[in-house]
Amino acid sequence: MHFCLDVENGAEYKTHKDKEWLDLTPFNPSNQLVSVGLAQHVNGVWDDAKYFCINHSSEPSYPDGKSIIQNYLDTCTLLVGHNIKHDLKWLYSCGFTYDGKVWDTQLAEYILQRGAKKPLSLAVLAEEHDLPRKKSDLIQNYMDRRESFYNIPWEVIEEYGKADVVSTCALYDLQNVRMAESSHLIPTAKMSNDFLQVLVKMEIHGVAIDQDALDAVEDAYKERQTELDRSLHERVYQVMGDVPVNLNSPDFCSELFYSRRVVDKRRWKHLFNIGTDSRGKALKPPLLNPRQFTRIVRTNTTILKIPKVETCNVCGGVGSIDKLTRQGAPYKIPPKCAKCDGSGVILIPTSASAGLRLSPMSTVDTSAAGFRANKTTLLKLRDTAKNDFVKSFIDDFIELSAISTYLSTFVNGINKFKHDNILHTNLNQTITATGRLSSSSPNLQNMPRGFTFPVKKCFVSRFEDGSIIEADYSGLEFRMAGHLSGCPSVRRYVEEGIDPHAFTRDFINNFDSNLPSITRQEAKADTFKPLYGGSSGSPRQRAYYAGFLKEHHGVAEWHEALKKEAIRTKMVRLPTGREYVFPYATRLPNKYVNQTTQIVNYPVQGFATGDVVPCGIIATDRLFKQRGLRSLLILTVHDSIYVDTYPGEEEEVMECLNIGMLSIDEMFQEFYGINMSFPLAIEIKEGPNAFEMKEVR
DNA sequence: CCGTCTACGTA
DNA sequence: CGTACGTAGACGGA
């Protein structure tokens, strides 16, 4: 029996650090499940949606609503919904159970879009395909007034909610037709929907937070932040004089480091092609030789001077002026002095140069406010710095910037989103162009790497004497590039146990012994660059990139084949059937193929982290269930799985990870009917928290 | 108030 | 012509 389902729920506006955000989750005790709408597929058509009140301020709850819904779920074999992960989280959190399959119309639409990042809301899709519409205008006023669904009149909710179900049913019917026309996408849709059900569990489990550990790390960071802030402000005063200081401001930092002020920001942006394209990617800077670059910089900036502070001669230092209203009364808030902008002082430039006088080297160093003050640019220019004052300033500034991010994004992020010491991140399936997950609220995919980041001490087991176990695929993207391309040399590297990143490191370090050597971690970027169509860099990097494609010539040949496929079909298809569209793939007169870097990257990224890893996670989840483990899957970060391990289950959890994550061949047979016999390997770490992890043999 | 830009971090 | 992401703060135009 097939059903289509949609829930409505209460949502609370929350405040954290003066910022407001809407909490829609079932994990917030002030949010309630308000209603459930259900339509049933009978004799090939959807019946009229039934609508149940669960919790509402004025409407009595539907008599036996919960058990009626549970009875439907018990007979259901396919549950359809738009963004059904949200509905399932609510149902499970309210005690409902469901064992059948799901079909998320949003997820299916995402797969049908083939990497084109177009809107996926039910409203837009209904409009686009001329389906029965959502009735968003019914609730718009209530939403604007921030009325909770719990308080919106019941008749309105019922009409709105039923319309959502009807709209979703129609979209599902249409998708059946479109999927039949592109039947190679069906296995990906089915796998993704199975994966969705594991993700629901992961999000509900969440990560347990040790608040004391988090507070301790926060205190340590804040102490260091205060010290760096004080010391940097002192030094800024020496080189800038008595000016307003904001080390978070790109505008101020540009002037501080480069001693120049942009005359006309609009013209500056135009000159250096600063901005983002329709997909949010940075535009390419213009090609200028050093002479042209220097000339443009000189003619469009003024040199900054240390100002002398004088009392404002208009307001006499008060900052406001004695102006009366038309009625002759004084203003409640006296108008600001226009001359000094309310500061009471005016700054007269002297002949002394201000700032740290770094010289930008090229267009890549420019930004909208002038010049970039990020880690890479500053480290690059640090070598050209005239004295130790500048060098140590740069070091301390870089450390402060990092600590500020750690505190504002990560420490605050955890505190902002956790519910009762459990952090339920969102694992989003329909965001990326490639098919991998994204993570939000908070983003747990961009935490600094484990052993470098003490904040991870707060990620602990919820079980007394429990532990955190993490398993990740070794060199997955490199291996899958080898599988997809059939490159014999990549396969040989894997079979002979050659570490590709160590190889890269040694190649680059042996190229010229006079240059500083790089670490294995740093070499990773160089391994991936040629794999994803990159070729520019320093002489030793370029030599390595050329060497990579010569060594792994199968990869180079595959890149050419992919480009041809993209030009011919405007599409690239993976062995799993997943597709990506490249509508502008053409060969330009200079032989370069538009969108090359995406054409060669998407298949590897998508296959490895969008097809292989989800299959490994589904398999691991099945093993946990079969063995009745109490340990919980709690997170995945692209090529890794985290488990909150129940004490005593450590060995069995590691066994499940080993079997599950390495059963891709079987999983691919099941979902896609294809072989994936390329050798895979995983590494397993265990610890009392996500910081103190030790590799387990 | 909202979009753009910069910066931080990850695989 | 490495790719893919999310979040916070500053800024600037409505």
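A polar side-chain atom of K269 sits 3.1 Å from a phosphate oxygen of DNA strand B. The model is predicted: local features need pLDDT of at least 70, side-chain atom pairs count only at pLDDT 80 or more, and totals for chains, interfaces and linings use all residues. Side-chain values use heavy atoms, without hydrogens and water.

| Residue atom | Atom of DNA strand B | Distance |
|---|---|---|
| K269, polar side-chain atom | phosphate oxygen | 3.1 Å |
| A373, polar backbone atom | phosphate oxygen | 2.7 Å |
| T405, side-chain N or O atom | sugar or linking oxygen | 3.3 Å |

DNA strand B is surrounded by 22 residues, each with a heavy atom within 4 Å of the strand. T276, A368, A373, N374 and M447 are the closest. By class, the nearby surface has 8 nonpolar, 8 polar and 6 charged residues. Asp, Glu, Lys and Arg count as charged; Gly is among the polar ones. Helix α13 (residues 388-417) gives the most to this surface, with 3 residues.

Now the whole chain. Chain A has 22 helices and 26 strands; these are DSSP runs (H or I, at least four residues; E, at least two). Its C-alpha trace spans about 85 × 80 × 60 Å along the principal axes. Of its 697 residues, 50% are buried, meaning under 20% relative accessible area with a 1.4 Å probe, protein chains only.

Technical notes
Residues are numbered from 1 along each chain as its sequence is written. Chains are lettered from A and ligands numbered from 1 in the order in which they are written. A polar contact is a pair of N or O atoms within 3.5 Å; within protein, one must be able to donate a hydrogen and the other to accept it, and residues adjacent in sequence count only if both atoms are side-chain atoms.
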